[in-house]
Amino acid sequence: MLEPTLTRRTLIRAGASLAAGAVVLPHVSRGAHIAPRGGIRVGVIGCGGRGTGAAHDALHASPDTIITALGDAMPDRLAGCRANLEGNESFKGRVQVTDETCFHGLDAYQRVLAAPVDVVILATPPGFRPIHFAAAIDAGKHVFMEKPVAVDPAGVRTVLAAAARAREKKLNVVSGTQRRHEACYLAAMERIRDGAIGRVLGANVSWNQGGLWMHPRKPEWSDTEWQLRNWLYFTWLSGDHICEQHVHNIDAALWALGDDLPSRALGLGGREVRTSPDYGHVFDHFGVTFEYDDGRFIVSQCRQIDGCAGRVEEIIYGSEGSVHLSSGRAQIKGKNPWRWEDSQPSPYVAEHVDLIAGVTGGPYINEGERIARSTLVAIAGRESAYTGATLALDRVLNADLSLMPVSLELPGTLATPEVAVPGRTKLPPPIAAERS
Ligand SMILES: NC(=O)c1ccc[n+]([C@@H]2O[C@H](COP(=O)([O-])OP(=O)(O)OC[C@H]3O[C@@H](n4cnc5c(N)ncnc54)[C@H](O)[C@@H]3O)[C@@H](O)[C@H]2O)c1
């Protein structure tokens, strides 16, 4: 569902047509309220590129935010993030971490949650997100969590349950699908809802780009440390790139389709170029068709192969036109042509503006269930490609599939899972079937 209050607020920030001075927050449900006096205390769990970036965004989003705790599995990543934040002149006095509130190790998340924090940023590899999100909600924290929020059906179920608990406790939850907070996307979606392209028929979404970073193994790294440092290439950590990266585009398509979920996925994919064991066991390309019972569709492509055509965008088709969307760009072709021509605030900062508004008594926001559902769609596409089967969304949601190793220790041994083989790899049976 679109969030009308959010839409309005973000458009106000973007300087769109509402009159200056007319900003009155609507009377809607309020979240668990924190008085900003003394600061809104933010902790970061997962202090890599995005965790550090999200800490910047939280500090830019409000003068009241302060960073009070940091946690990361790896001491060097923790130190890099701390040095980055403490060394930034513009954050002077607002990075209030000490040796006692900086934690490393796989249990760092528990220690950040026990530290003096009101809001936590969850930015580890997504395999850990369900555990960290559930723990954060149970600890009574407001949450900004990066996408995707799970890598398997068990994780999606955990996030759905924790998001429902967050709603009961009025804890605000924002996920890192920044398109939902990006002014040009919000304006385009509003036009779609107003009928600018007629009846929405379907979408064609893509994230096609070259390869990403890979860290060659060092002799001192255990299997676990090597996999964690190269988390993109292990499905138990990343969900594969359809889930890790392409979920952005799938989420935008679902948004345009009224956040209705498709009934089934039919996907294909493989590992054509990135075949060395350095790249774990993930695929390097996927193509999936998601079908609705009423005939609507999402056609989805993602590829991480150097030297091929790049494209990152969403095209939404309607009975009277189409909408073309990508970062900072929105255009309608057809009966009611339109093009976004304004500048816009950073959608990464906007996410935190919207979260902090909720945290400080503004409109309650909880994107937990929505991003869990978008993540499920991406997982269904992946599982369809891995198995070669047409898979119903319900079947995937209920599958007895948890990819997290049963026990995990940083110095531990951990085999690389096998590469999926369509036609041979199977989706495990539903949980209910196993119980009966
Ligand atoms: N919204 C966006 O546009 C966007 C962009 C980039 C990344 N992301 C997402 O952000 C998340 C992090 O990506 P990144 O690029 O920052 O990766 P990264 O590798 O730079 O950082 C991940 C950090 O998590 C730490 N970590 C791993 N396991 C941990 C655990 N169990 N507990 C605590 N820390 C742990 C790692 O040591 C590392 O420092 C991913 O979910 C990714 O999809 C989103």
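These are my notebook entries on what I looked up in this predicted model.

**Ground rules**

I count residues from 1 along each chain, as its sequence is written. The model is predicted, so I use local features only at pLDDT of at least 70 and side-chain atom pairs only at pLDDT 80 or more, while totals for chains, interfaces and linings use all residues.

**Entry 1: the domains**

I looked up how the protein chain is divided. The assignment gives domain 1 (4–179) and domain 2 (188–341 + 372–435); such bounds come from an automatic or database domain assignment. The centres of the two domains, taken over C-alpha atoms, are 24 Å apart.

Next I checked where they touch. I find 20 residues of domain 1 in contact with 29 residues of domain 2, where contact means that the C-beta atoms, placed from the backbone, lie within 7 Å. On the domain 1 side, H6 gives the largest share, 6 residues. Helices (H or I, at least four residues) and strands (E, at least two) are DSSP runs, numbered from the N terminus. By class, that side has 14 nonpolar, 3 polar and 3 charged residues. For these classes, Ala, Val, Leu, Ile, Met, Phe, Trp, Tyr, Cys and Pro are nonpolar, Asp, Glu, Lys and Arg are charged, and the others, Gly among them, are polar.

**Entry 2: around the ligand**

Which residues are closest to the ligand? Of the 26 residues that surround the ligand, the closest are Gly46, Gly48, Arg50, Arg77 and Glu146. Helix H2 (49–61), strand S2 (65–72) and helix H4 (108–114) each give two or more residues to the shell. H2 has the largest share, with 3 residues. I sorted the shell by class and got 12 nonpolar, 8 polar and 6 charged residues.

**Entry 3: the largest nonpolar core**

The largest nonpolar core has 115 residues, and Val112, Val120, Ile121 and Ala256 touch the most other members. Such a core is a set of buried Ala, Val, Leu, Ile, Met, Phe, Trp, Tyr and Cys residues joined through C-beta atoms within 7 Å. Buried means that 20 or more other C-beta atoms lie within 10 Å of a residue's own, exposed means 12 or fewer, and partly exposed is in between, with C-beta atoms placed from the backbone. Helix H13 (residues 368–387) gives the most to this core, with 9 residues. Domain 1 and domain 2 each supply at least three residues to this core.

I then picked out two residues. Val120, leaving aside neighbours within four places in sequence, is in contact with Gly43, Ile45, Val112, Leu113, Ala136, Lys141 and Val143. Ile45 is in strand S1 (residues 40–45). Ile45 counts as buried because 31 other C-beta atoms lie within 10 Å.

**Entry 4: helix H12**

Does H12 sit enclosed or open? 12 of its 13 residues are buried, so H12 is largely enclosed by the rest of the structure. Among the buried ones I noted Pro347, Glu351, His352, Asp354 and Val359.

I also checked the length of H12 (residues 347–359). Just after H12, Gly361 takes a positive phi of about 100°.

Most residues other than glycine have a negative phi, and most peptide bonds are trans. So I looked for exceptions.

- Lys147 and Pro148 are joined by a cis peptide bond, with omega about -20°. Pro148 lies in the loop between strand S5 (142–145) and helix H6 (153–169).
- Asp240 has a positive phi near 75°. Its place is the loop between helix H9 (235–238) and helix H10 (241–244).
- Asp259 has a positive phi of about 60°. Asp259 is in the loop between helix H11 (247–256) and strand S8 (264–270).

Which of the two Asp residues is buried and which is partly exposed? Asp240 is buried, with 30 other C-beta atoms within 10 Å, whereas Asp259 is partly exposed, with 14.

Methods. Near = placed C-beta within 6 Å. Contact = placed C-beta atoms within 7 Å.
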